[in-house]
Amino acid sequence: MKLFDKYNRVNIGVTIVIMLVTGIVYYYTISHILTGQIDKDLVLEENEVFSYVSKNHRLPDVYESNHQQIVFAPIGQQSDQRRFLDTVYRDYDEKKIEAARALISSVKVSGQNYRITVTQSKVETEDLIQIIFLITIGVIVALLAILIILNRVILKSIWKPFYKVLFQLKEFSLASNPIVSSTLSTIDEFTELDQAVISMADRVKSDYQNLKGFTENASHELMTPISIINSKLDILVQTDEFTDKQSKLLNDIYSTVTRLTRLNKSMLLLAKIENGLIKDIHDVDIKEVLEECLYQHEEMLQQLDIILSTDLHNKKIHANKSLIEILLNNLLSNSIRHNYHNGQLSVILDAQKLTITNTGEGSFNFDQMLKRFHKSDGSEGIGLGLTLCKQICDKYGFKLGYKLDDKMHTFSVIF
Amino acid sequence: MKILIVEDETGLRDSIEAYFTGGDSICETANDFTSALKKVSVYRYDCVILDLTLPYGNGLDIVKHLKANGHNDGVLIISAKNSLDDRLTGLDLGADDYLTKPFHLSELKSRVTAIVRRRSFNGSSILKFNEINIDLDAKTVKLNDLVVKFTRKEYSLLLYFIANKGKVVSKSAIAEHLWGDSIDIADNFDFIYSHIKNIRKKLVEAGANDYIQAAYGMGYKFTDA
């Protein structure tokens, strides 16, 4: 539930209850005052009767005025207690029964007791109360409406900065580079929130940058010692005759250094892609790059007697050529390395996508493979190949897909 | 050929010097920007092997200096910064090639040789090695006026060997030269052997000497000795 709604619900509920209670109290108070007024009128009539009787020693003529009635009834020697009561008034002309107030009293005329009943209709009083009540209700409704509208309008405009901050938080991402801009507000809490969010975003970003920078710098710094080792090895093999044992050791060192170099280069490349440092963008002819990649892999294809089928159409994209080469080389290398003897490989390129389908044993979890340093069992790679592919695809907005269908592994890049 | 090696890492500088010295090459070295600038101001070189991150200055300024003074020395930039911007700036300024660290010395030698060859032949594109004649423009190999057909990789490998004649070239270096560094090299060692076998066969069948020797299982050596 939104804060507005919650607040409005409580606010309106309480207002209604208070208004109702006020209305009821109001009703009874007015009703009480008006009844008192009628009672006074009734006493006035009674006094008139008494004064008439004491002057003329007989009952006055019964007359009936508008909404008022006096009735005498002989009650013998017994006396009747004087009292007010609520009763009904029968209007004979209009044949209506109206709420009324009556005063019962008694008077002695020529030794005979008579009961006097003075009845006055309360219809006018009721009308008055009704009008007052309606006005009150009207005021309540108007007040509520105004309250709701005011809440809506004012709260909405007051909370605007909050929603802006919230929107920025939702859009916040470390990878892309959106700027968390400050949101102006006259409300201290929101200003504070805004500042807290900005400083948090800055801190998170700078931490992330440091971390990324560290990977990049570390890989970078490693390049110099690696290149020294590499060059020293190149010099070492020139020096002398080597025994089989020594040359085997040297071979191992060579391949390890090569692997270290590749690993380091991949990490550096990943860091660079993530840091958005890869520029040098040209029109790249994918078909041309793909044909070159296939040429580079020809020996591997021949060795495994893989049946290659290609269907390549022209496709140009705007990208960095080295990255596209890495992407295609990695995908092709995988499709050959995990293939089997006499297997198949099909490469299809059209304007929408590139599909590489190969035969291969086993299956693997594609999402797991996208993680860094995750290798399938028995793989000799460094575990960054697919991670790089994914990063490159993400960078250019391509979609990297994989599906396994009866030993046919299909990787697709949707441009 | 006369080479200037500008590199502040002693280990790497010494290795490059050791690899290039001998044969028909003379090497000089500089370990910082100031001494490099002093050398290129006074002496001319066939090729300057130039590191970009130097003490007291940026290697790119040396390229600028050379071009500003109309010196036609070849320049090969070596840098650990695989920054494409640097590469482009370097090549735009007039450097001939760019090699990213780490590299194999044989690769460096082959690139430097290519630069020097381009500059010294002045239009002539025939490379002669004893009885082998290579037309670098047409990319054809002739032996005693007989054209020998080489595949692209074999041709590239032959040039690589000639540039590194007398040196043991490791399999890693050959693989990297042939397949680049975006393909896993360990997979390709077996294929080197078959390429070399083909080159030797084609050369010998056309009447050339067998110049390629296997070197203790680590690599190969192209030698006319």
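**Helix packing and chain contact: worked exercises**

Helix H2 (residues 33-42) of chain B packs against helix H3 (residues 59-68) of chain B at an angle of about 15 degrees, with the axes 10 Å apart. The model is predicted: local features need pLDDT of at least 70, side-chain atom pairs count only at pLDDT 80 or more, and totals for chains, interfaces and linings use all residues. Residues are numbered from 1 along each chain as its sequence is written, and chains are lettered from A and ligands numbered from 1 in the order in which they are written.

**Exercise 1.** Classify the packing of H2(B) and H3(B) and name the residues that make the contact.

Solution.
- Axes are lines fitted to C-alpha atoms, for helices over the stretch in contact, and angles run from 0 to 180 degrees between N-to-C directions. Helices (H or I, at least four residues) and strands (E, at least two) are DSSP runs, numbered from the N terminus.
- Angles under 35 degrees count as roughly parallel, over 145 as roughly antiparallel, 65 to 115 as roughly perpendicular and the rest as oblique. H2(B) and H3(B) are therefore roughly parallel to each other.
- B:Ala36, B:Leu37 and B:Val40 of H2(B) meet B:Ile62, B:His65 and B:Leu66 of H3(B); contact means C-beta atoms, placed from the backbone, within 7 Å.
- Five of these contact residues are nonpolar, one is polar and none is charged. (Ala, Val, Leu, Ile, Met, Phe, Trp, Tyr, Cys and Pro count as nonpolar, Asp, Glu, Lys and Arg as charged, and the others, Gly among them, as polar.)

**Exercise 2.** Do the corresponding analysis for H4(A) and H9(A).

Solution.
- The axes of helix H4 (residues 244-274) of chain A and helix H9 (residues 385-396) of chain A come within 10 Å and cross at roughly 20 degrees.
- H4(A) and H9(A) are therefore roughly parallel to each other.
- H4(A) contributes A:Ser266, A:Leu269, A:Leu270 and A:Ile273, and H9(A) contributes A:Thr387, A:Leu388, A:Gln391, A:Ile392 and A:Lys395.
- The classes in this contact of H4(A) with H9(A) are five nonpolar, three polar and one charged.

**Exercise 3.** Describe the side of chain B that touches chain A.

Solution.
- Chain B and chain A each put 37 residues into the contact.
- Elements giving two or more residues on the chain B side are helix H1 (10-20), helix H4 (84-93), helix H5 (105-121), strand E12 (168-170) and helix H7 (171-179) of chain B.
- H1(B) gives the most, with six residues.
- By class, the chain B side has 18 nonpolar, 12 polar and seven charged residues.

How values were computed
Two residues are in contact if their C-beta atoms, placed from the backbone, lie within 7 Å.
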